[in-house]
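Here is a friendly walk through some local details of a structure, with an eye on side chains, rings and backbone angles. Have the viewer open and follow along.

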Amino acid sequence: MPFEPLRFVHACNLGLDHQLADTGPLPEETHTLVQEATFEAFERVVTLCLERRADFLLLSGNSFDQLDHSVRAQSALSGGLHRLADAGIRTFVSPGELDPPIAWRNVSGMPDDVVLFSDPSDEPVAVLRDGRVIAKVGPLRGDYPPAETQHDGAGRRHAFTIAISPDMSGLDTTEGNADFGSTAGENATLAESLLPRHLTGCGVDYLALGGSASRTTIVLKAGSAHHPGGTQGLSPTDTGPRGCTLVDVGSGGGIETKFVPTAPVRWERLYLHLNAPSTRGHLLERMRAALAQCRPEISEKIWLCQWTIQGSGPLLESLYDEETRDEILDSLGSRGAGEGRLQMVHSICLLPDAQAGEATDFNDRFLHEYFERLAQPEVFSPQSLDEHLSAAALPEAAGSHRLHSLIAELDPDVIAGHAHRLGMTLFGVKPEEGRPHEGNGHTY
Amino acid sequence: MKVTDIRIESFGVWRDLDLSLSRSGVNVFFGPNEAGKTTLMRFIRGVLYGFPPFERRRGMPAGVRSVAQGALTVEHAGTRCVLSRSADAGERGALSISGLETNEPAAHVLAEMLQGTQQTIFDNVFAIGLQELQELATLHDDEVADHIYGLTLGPEGKRLLEASTGIEEESSRLLHDDASRGVLADLLRRDSELSSAIQAESENQELYLAGLRELDKLTSKISNLKSRQGGMHSQLRGHLFLDRVWTPWSQVRDYQRQLDQVPVVASFPEDGLARLEELESELATATRCRNALKTEAAEFRRQGEALRLDPAIEEHAASIHNLVDQRDVIARLGEIVAKHRTGIGAARGQLDGKLGVLGSDWSEERLEGIDVAPSAQFKLLSAARSYQKARTRRARLRGRYERLAKSFRQQSADLQDRVKSLKGSSLDDAVTAEKQRLADLGELGRLGIAQTELESRAQSLQSSIEQEDQRRVIPMWVYVVWGLFGACGLLLVGLGVSTGMTTSLVGGLGYAFLGVTCAIMGWGLKSHHSIANHDHRDEWEDELAQVEAELRETNQAIARIAGEPFGPAPTPSVFPPARATEAKPDTGALIAKSARRLAELEGWANRQQRLASTRRRLSELRQRFKEMQRDVTEARQTWCSALGELGLPETVKIDEAFANWQNVSEAADARNRWLSARSHLEDHQSLYDAYCLRIAELAEQTGGEAAELDDPLAALSVWERELDAYRRTRSERQRLRKEEKRRKREVEEYEKQVDQLTAQRSALFVQGGANNREEFERRAGWVSTRQELEGYLSIAQSEVESAARTEPDLAVVEEDLHEYDAEENNECVAALKLELAELEQDLQDAHEQLGSVKQEVRRLEESRVATQLRFDHAQNQCQLKQACEQWFAAQIGRHAVEQIRSRFERECQPSVLASASRYLQRMTRGRYTNVWTPLGQRRLQVEDQQGRTFSPEQLSGGTREQLFLAIRLAFIREFSRRGVELPVVLDDILVNFDQPRTEATVETLLEFAAESQQMLFFTCHLHLAQLFESKGSQTIWLPSNVPATPERIAG
């Protein structure tokens, strides 16, 4: 039997006490839950380790954000890891971009058996069970021997080897985001293209990835590289269910990864297209259908649904009215999940249809010229926005620097949508009479 | 309106001035300074709009009443008139118009001529001097400004202006220009506040870390204090331990010393004195009881000896008792004997009755030989069942055979009757013949159809041939034509031959050719007709012959099948169409009839086959019946032999045999019952007699009353009474003996007890090492004292051990106990307690500090302020981003609107400014290209050829005057387009222009005036006048000073 069967939990991007960004206005009753979302997700990770009797826990980066200077994050982290240590579960930590080693060293009261890999040159640490080495955990290094040499003289494999790589920022894993249905071998080409060549064939049995990538599994020659995604989505781009990964290693070295949801707050981005004959009932039906396609996880309590509705026609125009939007969103209701009813918070971004705009003929010369000027390239580029801000000549005391720093976070489509709507309003032309701008939109 | 003449009677420096003006072009007036050029311009203004009321007439002596009077001769709308105005000083003057035939007031007529042009317009636009030209304010009159500053830009300009305003408002709403107000400003302030608060809150992390460090420090301090406290506690415990241990330890020493002084009594019995007392008490009690029991035993012996028994009864008591016990048996036995004697008679009667029923040949002995056991009955029953079954099967088979034979006979007779109708032929031959007939009939039907078709085909061919024969007859005219063709041909041949021979060979050949052609054509037509007709007819005739042959064969076949004689084939000509129909039999009916007959015959054949099968079946049944008969015979023999074996008379009647068997069985039962009753009587009678004999013998032996009685049962009653008395007496005597014996045994037991107690007392003395009671008591005292001391010693030792157990880590050291000083120890204890109290206080203080720090750390850990602040910051940042997006959208929109507006302002200005731009461009020789005003603003802008924009204030004085002149010219053109035609009066306005621009301006003015615009140009500069003259304009030279009559120098 080459390996001792073992089980461990792999999590990353805990982001303890880091607050969710770009949520939009939230109901008062959800504030506490949203504020505590990262803590609750971490609590679920700890509970999972205890309930499933994991051998150890891997934290592959960004467990907290040192810039938050959060005492609660440190306290919760220390408390959770102490509970694991009391149950005999070790924790292997790899600092990430947001929680560098210096920040970890400032975290006091950590259990003694928490292993922090602060340097790539750190030696691997053996995980023992009944005096036998069942796994070796260490930082990702470039000197791993090839997979073919991972046998001793008797042809037996060495202990299960785990390497943690906290920084995969250069790894474009968007294609591998479909881990839930992917099987081994499907991502072989992906592995070749994404991972450094010396890693795809190295003797690492499990490469624990970290960084800002989403949930991904890449098949290596000798094992798998896995990124569990964050335990709690922190921004609107972190859509879908979020959680950690329960990894079971069989005696034959087979790796079975199971997604375990932990996030109490879930982001969803939903897209709908409306055409002129669309009715309100039709819209509601499609919105419900789109929501029904998203399966709620047991851990989820709040869904932050960001709708992008593109199209044209009276229905889309009516959505600019706040009361209409509220009525439609109220009609969506809530769904059952977790311990109770799932609370849903919706926001709508309206995008006039580019094709409908091209097909619309209008005679207003000002509006025509206005849209022609908006359609010029680079109008909504960050450089252009920066020039506009510089032209405004705002004093530093008024937050000029702050606005400059925000430019990179702004959505050009939303700005274009506002500019489009403004043009419609200024020149007194109904939206269906004018030519909408491609990609513009309004967010509510 | 054009001024043709100026007549000044009195105005300013002018008196009796008459000037004739050109109706078009530029009228240049040259004169030195103070020649009255400006006065002349004011005169024209005055005539048209009234003289200035308070104007001091220049040139008039002070105190002299000034009078303004003069006239302008004008042409307007094709009419000529004179506008005269006369005014005293301080008056605007009265207007009069001559030359017009109208009754309207002069003012109205003049206003109509001026097209409503106000005086300000005329003063600022039409009649201007250098001063008016240099002042921008002169263009700010409402009407003028309306045209210049876009107040009449139209709905598009207004929309653009509103859009511009709207986007400015939106931008200001988000972020005011001063950056201190607006949504974005508020959010930025909030962002800054939250950032500061978060920054301040982040310092809590340092506090937290410091708190944790303080916690570690305090924990360490407490640990040290506790360590010290532990040591002092140990020390104190040692002192207290000594204090606690010393007292029991000293007691142990005392008790041990006392114990050493008491003699040791080895193996003294435990509780020796008590046991001695107890033994002596028990010894006295046992002696007393023994004596009492001896007395009681003697009394019981005496009472037993007093009781006496009957010796005869005593001797035979067992036998008597046995008989008395069997008295009921003996009585019941007597009754049974009597009953059996009655029953045996009845059984014998029944046996005799049954033998009578069986007959006289049946005796008791024969009956005894009959076996009526169940096996015999079963054997008889089996034989009867076999015999009966064989008979039943034979009867059933016989019935079946008879029914089948009867049916066979009936069907056979019926079939024979039917077959007789075949007239001797067999049924199979009839079926074969009928099948052949049915096939022939089918063939006959097919041939009939073929016959009909062939007949109809022959008729059709016959009719075709006949029609063709009729059509083949060619009309006579055809033959005539053919003849003509042939004759013509021959004639032409002949003519050709003759012509060839006589006149011309070629002509002859031609005629010959024509003739041959005609002959060939005629012959060809005839041949074609004949060949075509003959082809069709031959084909039809061949086909008709073939059809007739087939028809003949068909008729022969029909005749053969129908049995008709075959005759010669009818010729087509005599073949009647209806013959075939008449000759045809009704084939369908025949086929049906034949089919029915065939079915009937086949049915008979089937019945015949079934009869043959039935015959075979009957034969088989007969064979089986014979076998069955043999079975019946064998069964009957078996039955008879079974009857014989059982002793019954032979008979084939089973019921009779079973009735005999029943009677024999009943007789055998009656005999068995009689024999059984007789046997029982004999048995009981012998037993009863034996009892009576025994009683009699015993009565004789015992004598007494029983011997005198004959009834054994009465003797038994006497014996029973005597036996009861005997038993009672003997029982009493036995009881007394038992009591005596028991008392004696008890006496013996008490004797043993007394001996035993005495021995125990002696043993106790021996055990206590004493010889008597006194010595035993003295030794017991020693033992008790030692035990008491040992108890005390044990208690003291246990106290020591208990004290030692309370401090297991402390050892009891003898030297310390020997050297123990209570006072000194107490002092040490007090000192240690004091020190411990101080240490406790320190520890308490440290704990309090620790608690405080822990509370602070916990407060920091549980504080949600930072979380709330970051959440608020995230929320605010989200709003900030949204507001920022809106603001950027507004900025981009504003930029776009500004671009649109800029383009609009430059390209879509009022016609006045457009014209002004053209004039300015010409006057500045292209240096400045565009004049425009921002939307909604009273602000002129000038754009040069490089696209740079200047305000009038930024221009040089000359350029500014050129700008204003250009605007006025544009206005005048605009008024002209509206029908307002007034003369333009320019008073030395070119003095500040440089030479090139002066020339350009002069050219512009000339071109301007050339478009039917009358212009009066006053100048004091000769070069200007010469310049105009060089361009073809007429110059009027005004005299210097004020001549009474101006001298006309030129023009």
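Let us begin with B:Thr614, which is in contact with B:Leu404 and B:Phe408 once its neighbours within four places in sequence are left aside. This is a predicted model, so please read each detail as a property of that prediction. B:Thr614 has its place in helix α18 of chain B, which spans residues 587–646. Its relative accessibility is 17%, and because buried means under 20%, B:Thr614 counts as buried.

Next, B:Gln1014. This residue lies in strand β12 (residues 1014–1019) of chain B. Is B:Gln1014 buried or exposed? At 1% relative accessibility, B:Gln1014 counts as buried. Not counting residues up to four places away in sequence, B:Gln1014 touches a list of residues including B:Met1, B:Lys2, B:Val3, B:Leu21 and B:Ser22, as well as B:Leu982, B:Pro983 and B:Val984. Which backbone oxygen does the side chain of B:Gln1014 reach at 2.4 Å? That oxygen belongs to B:Val3. The side chain of B:Gln1014 also reaches the backbone oxygen of B:Ser22, at 3.0 Å.

Now for the aromatic rings. A pair of aromatic rings is described by the distance of the centres and the angle of the planes. Over all chains, the count of aromatic pairs comes to 26. For B:Phe122 and B:Phe126, the ring centres are 5.9 Å apart and the planes meet at 10°, so this pair is stacked. The two residues are four places apart in helix α3 (residues 119–126) of chain B, which means that about one helical turn separates them. Both B:Phe122 and B:Phe126 are buried. In the pair B:Phe971 and B:Phe975, the centres are 6.3 Å apart and the planes are at 35°, so the pair is tilted. These two residues are also four apart, about one turn of the helix, and both lie in helix α26 (residues 957–977) of chain B. B:Phe971 is buried with a relative accessible area of 1%, and B:Phe975 counts as buried at 4%. In chain A, ring pairs link A:Phe8, A:Phe56, A:Phe92, A:Phe117 and A:Tyr206 into a cluster.

| Charged residue | Ring residue | Distance from ring centre |
|---|---|---|
| A:Arg421 | A:Tyr320 | 4.1 Å |
| B:Arg927 | B:Tyr928 | 4.7 Å |

A:Arg421 lies over the face of its tyrosine ring, and the charged end of B:Arg927 sits over the ring of B:Tyr928.

Finally, a look at the backbone. Most residues other than glycine have a negative phi. B:Asp16 is not a glycine, yet its phi is positive at about 50°. B:Asp16 lies in strand β2 (residues 14–20) of chain B and is partly exposed, with a relative accessible area of 40%. B:Asp271, also not a glycine, has a positive phi of about 55°. Where does B:Asp271 lie? Its place is the loop between α7 (183–261) and α8 (272–305) of chain B. With a relative accessible area of 56%, B:Asp271 is exposed.

How values were computed
Residues are numbered from 1 along each chain as its sequence is written. Chains are lettered from A and ligands numbered from 1 in the order in which they are written. This is a predicted model: local features need pLDDT of at least 70, side-chain atom pairs count only at pLDDT 80 or more; totals for chains, interfaces and linings use all residues. Side-chain values use heavy atoms; hydrogens and water are left out. Rings of Phe, Tyr and Trp (its six-membered ring) pair if their centres lie within 6.5 Å; planes under 30 degrees apart count as stacked, over 60 as edge-to-face and the rest as tilted. Buried means under 20% relative accessible area, exposed over 50%, partly exposed in between (1.4 Å probe, protein chains only). A charge sits over a ring if NZ of Lys or CZ of Arg is within 6 Å of the ring centre and within 35 degrees of the ring normal. Contact means heavy atoms within 4.5 Å. A polar contact is a pair of N or O atoms within 3.5 Å; within protein, one must be able to donate a hydrogen and the other to accept it, and residues adjacent in sequence count only if both atoms are side-chain atoms.
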